[in-house]
Amino acid sequence: MRAAVLHEIGQDKLDVLDDVEAVGFGPGRVRIRVRATGLCHSDLSAMAGVLPQPAPFVLGHEGAGEILEVGEGVSHLKAGDRVIVCWLPACGACPACKRGQTELCLAGFMNAGTPNFKRPGGSSPDVFGFAGTGTFTEEVVVDAGCAVPIPDDVPFDIAALIGCGVTTGLGAALNTADVEPGSSVAVIGCGGVGISAIQGARLKGAAEIIAVDPVASRRESALKFGATKAVAPEELADTKQSVTAGEGFDYVFEVVGRSATARTAYDMTRRGGTLVVVGAGAMDDFLQFNMFELFFDEKRILPSMYGGGDVVRSYERTIALWRAGRIDLSGLITHRVPLADVNEALHQMRTGTALRTCVEI
């Protein structure tokens, strides 16, 4: 079976191999034939060691495909079902799930420590899947909860985007921030997740949506998806002055995952406004505030994990919005490559030339 493997943390290219096997099939598990997967910035972060992930591992966590077989005890799925691969399934029994905060369930993270693949002839026979999944492959075996059924009219490439980036960005605006109609919004970082946050802010009726990104093509794209103005990072301070009379934006979304941009986002937020931290950053990258400003400015700082809401419900809502033409998902896919050319997808992500590259398998 073919899969794209990172042998060691810190390597900048993947090795597309033909001798990888999906393992772990049994009771409560399903085997999925992956048809499409998106490249998310979190994949690059895992490659660099910013996000913790055992190696060697198969990259990818934003995928969709069809069920090949189901293990004993799996009753809600059958062979042939089309599914989204969910990297953060809810167990339904932990304290977070019982509180209704299923996005905080740790069951999916526990999966990351168990190998999903093996290479019988390789120097490291055990191969992990990123975030407990690993979708840059032809087949993957996961817990049944990681396979969420989708209607037949949802294409695999669209479904793959819903599996992470779109759910994360839309949810940050709809769930976490609950953007107020008529408000002012700034989104720092306008890749696939940032663009989805822009679409969410538009859906909620924001009056001003400022897209901030260093890449000109991404700024141009942001305008097509609902931003009212798009600026380079060095123009943001002047834009704050012209759009808000210097007060600051009602909502600022940080979609980069770095303390420097989070600090900028905080400074661009008005007193009493809301900073939403969407980007996944490193454990040794610290964000600093002084105690007076935290008290005096009364700004809300809201982290948003996977869109901050029930994942399955978010999938269903996104599909409904897409069907109704209220959000554009196909426009997010700016490039397509076969699995053999996955390193080209990495280049497109690193250079900012792609909003989302669909890896077709």
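H61 lies in the loop between β5 (57-58) and β6 (62-70). The model is predicted. In it, H61 is buried, because its relative accessible area of 2% falls under the 20% cut-off. The side chain of H61 makes a polar contact with the side chain of D43, at 3.1 Å. Beyond its neighbours within four places in sequence, H61 is also in contact with C40, S42, V85 and W87, among others. Further contacts of H61 include F130, A131, T133, T135 and C164.

T357 is placed in strand β19 (residues 356-360). Along the chain, T357 and H61 are 296 residues apart. Their C-alpha atoms are separated by 13 Å. T357 is buried, with a relative accessible area of 3%. A polar contact joins the side chain of T357 to the side chain of Q348, at 2.6 Å. Once neighbours within four places in sequence are set aside, the contacts of T357 include T37, G38 and L39. H335, R336 and V337 are also in contact with T357. A345 and Q348 complete the list.

Q101 was examined next. This residue sits in the loop between α2 (95-98) and α3 (107-111). Q101 counts as partly exposed because its relative accessibility is 32%, a value between the 20% and 50% cut-offs. The side chain of Q101 makes a polar contact with the side chain of R99, at 3.2 Å. Q101 and A90 are 11 residues apart along the chain. A distance of 9.2 Å separates their C-alpha atoms.

Helix α9 spans residues 259-268. Its buried residues are S259, A262, A265, Y266 and M268. In an α-helix there are 3.6 residues a turn, so residues three or four places apart point the same way. The buried residues of α9 pack against several elements, both helices and strands. The helices are α8 (236-244) and α10 (291-297). The strands are β12 (184-188), β15 (249-254), β16 (269-277) and β17 (300-303).

At the level of the whole chain, two domains are assigned. Domain 1 is made of two segments, 3-164 and 309-360. Domain 2 covers 168-303. The contact between them takes 20 residues from domain 1 and 23 residues from domain 2. The centres of the two domains, taken over C-alpha atoms, are 27 Å apart.

The size of an interface is often given as the accessible area lost when the parts come together. Domain 1 and domain 2 bury about 1,600 Å² between them. Carbon and sulfur atoms account for 56% of this area. Across the interface, seven residue pairs are in polar contact. The count of salt bridges between the domains is zero.

On the side of domain 1 that touches domain 2, α11 (311-323) and α12 (342-351) each supply at least two residues. α11 gives the most to this side, with four residues. By residue class, this side of domain 1 divides into 10 nonpolar, six polar and four charged residues.

Note on methods
Residues are numbered from 1 along each chain as its sequence is written. This is a predicted model: local features need pLDDT of at least 70, side-chain atom pairs count only at pLDDT 80 or more; totals for chains, interfaces and linings use all residues. Side-chain values use heavy atoms; hydrogens and water are left out. Domain bounds come from an automatic or database domain assignment. Contact means heavy atoms within 4.5 Å. Buried area is the accessible area (1.4 Å probe) that two parts lose on being put together, summed over both. A salt bridge is a side-chain nitrogen of Lys or Arg within 4 Å of a carboxyl oxygen of Asp or Glu. A polar contact is a pair of N or O atoms within 3.5 Å; within protein, one must be able to donate a hydrogen and the other to accept it, and residues adjacent in sequence count only if both atoms are side-chain atoms. Ala, Val, Leu, Ile, Met, Phe, Trp, Tyr, Cys and Pro count as nonpolar, Asp, Glu, Lys and Arg as charged, and the others, Gly among them, as polar. Buried means under 20% relative accessible area, exposed over 50%, partly exposed in between (1.4 Å probe, protein chains only).
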